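Hi,

Here is the structure I promised to pass on to you. Please have a look at it first, and then read on for what turned up.

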Number of protein chains: 2
Amino acid sequence: MTVTIRPATPQDATLILRFIRELAEFEREPDAVKATEESLRHALFDERSAEAVIAEQEGKPMGFALFFHNFSTWTGRRGIYLEDLYVTPEARGLGIGKALLRHIAALAVERGCGRFEWAVLDWNEPAIRFYDACGAESMDEWTVRRVSGDALLALAGRD
Amino acid sequence: MTVTIRPATPQDATLILRFIRELAEFEREPDAVKATEESLRHALFDERSAEAVIAEQEGKPMGFALFFHNFSTWTGRRGIYLEDLYVTPEARGLGIGKALLRHIAALAVERGCGRFEWAVLDWNEPAIRFYDACGAESMDEWTVRRVSGDALLALAGRD
């Protein structure tokens, strides 16, 4: 069966939110999703702060990827950062994840990007093996730091 | 002495490239910088894929920060990702790094961003202590994966 990958449309907001919630459950953070259909529609189609593609088999949605452009001062160019990659449990093992990764890698090359990046949870062994097989380096020396909520307000002097 | 933080202008491309190279040397990757004045000018002022601010004391540039918007599917909102933060060696200890971080945190709050993030090298102890003091969480569970160069072309099916 052929996998088709197409850009998401505003009508996909419900589907994308469902996929995001399923992925958050898999990532052991089922209550972490504050996004709504409206916030996703705004971000993807008005503000255009991210892009999404849907993977389908015979018209049935099987997964999605959501990504945005980052920027590297070393390459001096934009890159693509993959925020979410998700394939429904029943569709795993069919090469849909790889097809989504290849699709975005091709977009990165077309757009002249220097890098294609994403992050993986350290206990997600199948994903780690899959990314190893895709030739992805591990940026082990680096740790992401995050300020949000009250800590962000405090740092901004708004507490 | 007062620290002023101002948005970068196209005339700052030479200065920003110098700061990027000094930072890459500090990060033990002196040859990693492929960016040019032209590529920085294009990215910051034509393509607008990133933004930069310059920290000055009495008109003398002492450091800079370069950042862009990322996006979180969990918050459903844009965030700010700090790509580079740099203070010249002679200006360290004067609070310029903190002033730059506070400035960008305030921008994040003004722009309705859910998160302010960056990455730190695991051997950069002074930076780690500084970020701890700023209330930044460590996203230890996550590792960034990167595909670039020939591996990116291969994944894109262009090899």
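**The second largest pocket**

The second largest pocket has a lining of 29 residues, and Arg48(A), Ser49(A), Ala50(A), Glu51(A) and His69(A) are the ones nearest its centre. Before going further, please note that this is a predicted model, in which local features need pLDDT of at least 70 and side-chain atom pairs count only at pLDDT 80 or more, while totals for chains, interfaces and linings use all residues. Residues are numbered from 1 along each chain as its sequence is written, chains are lettered from A and ligands numbered from 1 in the order in which they are written, and side-chain values use heavy atoms, with hydrogens and water left out.

A pocket here is an open set of points on a 1 Å grid over the protein atoms alone, where a 1.4 Å probe fits, with protein on both sides within 12 Å along at least five of seven lines; lining residues have an atom within 4 Å of a point. The volume of this one is about 530 Å³, counted as the space filled by probe spheres set on the points. At least two lining residues come from each of α2 (37-46), β2 (51-57), β3 (60-72) and α3 of chain A and β3 (60-72) of chain B. β3(B) gives the most, with four residues. Helices (H or I, at least four residues) and strands (E, at least two) are DSSP runs, numbered from the N terminus.

**Helix α4 of chain A**

Which residues of helix α4 (residues 125-133) of chain A are buried? They are Ala127(A), Ile128(A) and Tyr131(A), where buried means under 20% relative accessible area and exposed over 50% (1.4 Å probe, protein chains only). Seen down the axis of α4(A), these buried residues fall within an arc of 100 degrees (taken from the directions from the helix axis to the C-beta atoms), so they line one face of the helix. Pro126(A), Arg129(A) and Ala133(A) are exposed on the face turned away from that buried side. The cover over the buried residues includes β4 (77-87), α3 (96-110) and β5 (115-121) of chain A, together with β7 (142-148) of chain B. Just after α4(A), Gly135(A) has a positive phi of about 80 degrees.

**Ile16 of chain A**

Ile16(A) sits in helix α1 (residues 13-26) of chain A and is buried, with a relative accessible area of 0%. Leaving aside residues up to four places away in sequence, Ile16(A) touches Ala8(A), Leu40(A), Leu44(A), Ala52(A), Ile54(A) and Phe64(A), a contact being heavy atoms within 4.5 Å.

Enjoy exploring!
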